[in-house]
Structures are given as C-alpha cells and as structure tokens.
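The notes below are grouped by topic.

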Amino acid sequence: MALIEPKVKNAFVFVDGQNLYRAAKDAFGYNYPNYDIKLLSKWVCSSRDWNLSNIYFYTGVPDPQDDVFWHNFWSKKLSYMGRSGIKLFSRSLRYHNKDFKCPSCNKVYTSLVGHEKGVDVRLALDVIRFAHEKLYDVAIIFSQDQDLKEVAEELVKISKEQNRWIKIASAFPASPTYKRRGIDKTEWIKIDKKTYDACIDLNDYRSKEK
C-alpha cells in the first residue's frame, strides 16, 4: 500500500558547512565559504514547494592558537547565522600530519590537516532523531558524503515503521567541470552557479590580516 504524500511538506535542512564549502570551491572556484545558507535553503524548498521549517548547520572550527584567521572567520559567520535563527553545532578541528606526493618532482611533503571529529555523526543522529519524533516530512542534506547513505536507508525503515511518507534529498553545487554524485538513495538537487551566486552572503567575515 502506497504511503499518503502530505499536501504540506515540512522540510528540515541539515548542512555540512565544510562539505558545502569544498563543493562550491571545486564547482565555482570560490576560495572561502561565501554562501548564505538561509537563502540557499529557501531556494531549494521553494523549487520543490516544500515548507522550510528549520535549518541545522554543522562545522568544525579551528582553535585560535591553530589558525586565528579561520577561527575569527567562523566565529563571526556562526554568530550571524545564529542571530538569524539557524541552529548551530560546531566542534574544534583536530589536526594531524598528512603526506602529499608531488607528481612533477616525485617528492613527498607533509602538511598539517584539520579533521572534523564528530560533526558528521551529530548531523546523522539529528536527521534520524527528528524523523523518529515526526518533526519533518523532508530532510534536505547539504552534503555529498556517501557515509550518509546509511541515514537514507534508516529513513526508509522509519517511514515503514511509522507508516508515514518521508523524503530525503541531497543538495550540492554542480557545474560542467564538477560532476560529483549526491548521496546515494536520496533525491539529488543540483545548485548551478547562477542560483548559488544569488545566494551569496553579502557580509565578508575575513579579517584583513591572516
């Protein structure tokens, strides 16, 4: 028996801030997180006739002693987003050494790389928890992390258990030169450059000195 699709579909947005930044960088060439996630979320929902109910934003933030420039940038941006009603989850980045091989010179270089410990787990737990609590009909995830495919599979089970229509979508920047997949087992919502540019944050949180 087919599940009844609700006429009014309440949507929750879940954003992996670093994943979205890297995708916009690869697709459009932007070198810092310049998106206005509220505008992007409104565009996605209006394009599908979904009712935007809540936005949850997740990111790692470097400690000031590790990278004062990006610490200050994210502190300002998150403060602005919080004042606009976005729910925030941030964790300190943890750093480790990673080796990179230079193809042209055949040498190996070591660089310090930041790692977001716990951010993706918290996002996944929130998506599942809010579905169990019947708080949304549509979960929109701004990410292309294939580990979240398991979340999509879990929502199918929850939908059957609750005998309730639930949809999960993956939203991400896309361009002719950037053709990465969305999260498997979700509806893919591709954001082109014209749309992304209409949703750029007009505030610039970068300090003059790094």
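Tyr-205 is buried, because its relative accessible area of 8% falls under the 20% limit. The model discussed here is a predicted one. The ring of Tyr-205 pairs with that of Phe-73: the centres lie 6.0 Å apart and the planes meet at 85°, so the arrangement is edge-to-face.

**Aromatic residues**

- Phe-73 lies in helix α3 (residues 68-83) and Tyr-205 in the segment after α6, so that the pair links parts of the chain 132 residues apart.
- Phe-73 is likewise buried, with a relative accessibility of 1%.
- Phe-73 and Tyr-205 belong to one aromatic cluster, whose members also include Tyr-32, Tyr-35, Phe-57, Phe-69, Trp-70, Trp-74 and Tyr-80.
- The count of aromatic pairs comes to 21.
- Among these pairs is that of Tyr-30 and Tyr-196, which is stacked because the ring centres are 5.5 Å apart and the planes stand at 20°.
- This second pair also links distant parts of the chain, with Tyr-30 in the loop between α1 (17-28) and α2 (37-48), Tyr-196 in helix α6 (residues 193-197), and 166 residues separating the two.
- Tyr-196 counts as buried, at 1% relative accessibility.

**Charged groups over rings**

- Arg-206 is placed over the face of Tyr-32, one of the cluster residues, at 3.7 Å from the ring centre.
- Lys-9 is placed over the face of Trp-165, at 5.7 Å from the ring centre.

**Overall architecture**

- The chain contains six helices and eight strands.
- Read from the N terminus, the order of elements is β-α-α-β-α-β-β-β-α-β-α-β-β-α.
- The chain has 210 residues, of which 46% count as buried.
- Among contacts with a separation of 6 or more, 70% come from residues 24 or more positions apart.

**The six-stranded sheet**

- Six strands form an open sheet in the order β3-β2-β1-β6-β7-β8, with parallel pairing.
- The edges are held by β3 (87-92) and β8 (187-191); each has a single partner strand, so one side of each lacks a neighbour in the sheet.
- On average, and ignoring direction, neighbouring strands of this sheet are turned by 20° against each other.
- Helix α3 packs on the sheet and touches β2 (51-61) and β3, and its direction makes about 165° with that of β2.

**Strand β6 and its partners**

- Strand β1 (residues 10-16) runs parallel to β6 and is joined to it by five bridges.
- Strand β7 (residues 167-173) also pairs with β6 (residues 138-142) in the parallel sense, over five bridges.
- Val-138 is the bridge partner of Ala-11, and Val-138 also stands opposite Lys-167 in β7.

**Asn-19**

- Asn-19 is located in helix α1 and is buried, with a relative accessible area of 12%.
- The side chain of Asn-19 reaches the backbone nitrogen of Gln-144 at 3.2 Å.
- Beyond its neighbours within four places in sequence, Asn-19 is in contact with Ser-143, Gln-144 and Asp-145.

**Trp-188**

- At 32% relative accessibility, Trp-188 counts as partly exposed.
- A polar atom of the Trp-188 side chain lies 2.9 Å from the backbone oxygen of Ile-183.
- Apart from neighbours within four places in sequence, the contacts of Trp-188 are Arg-48, Ser-170, Phe-172, Arg-181, Gly-182 and Ile-183.
- Trp-188 and Ile-168 are 20 residues apart in sequence, and their C-alpha atoms are 9.2 Å apart in space.

Key. Residues numbered from 1 in each chain as written. Predicted model: local features only at pLDDT ≥ 70, side-chain atom pairs only at ≥ 80, totals over all residues. Heavy atoms only, no water. Phe/Tyr/Trp six-rings, centres within 6.5 Å; stacked < 30°, edge-to-face > 60°. Helix = DSSP H or I, 4+ residues; strand = E, 2+ residues; numbered from the N terminus. Buried < 20%, exposed > 50% of the residue type's maximum accessible area, 1.4 Å probe, protein only. Lys NZ or Arg CZ within 6 Å of the ring centre and 35° of its normal. Pairing = 2+ DSSP bridges. Axes fitted to C-alpha atoms, helices over the stretch in contact; angles between N-to-C directions. Contact = heavy atoms within 4.5 Å. Polar contact = N/O pair within 3.5 Å; in protein donor to acceptor, adjacent residues only side chain to side chain.
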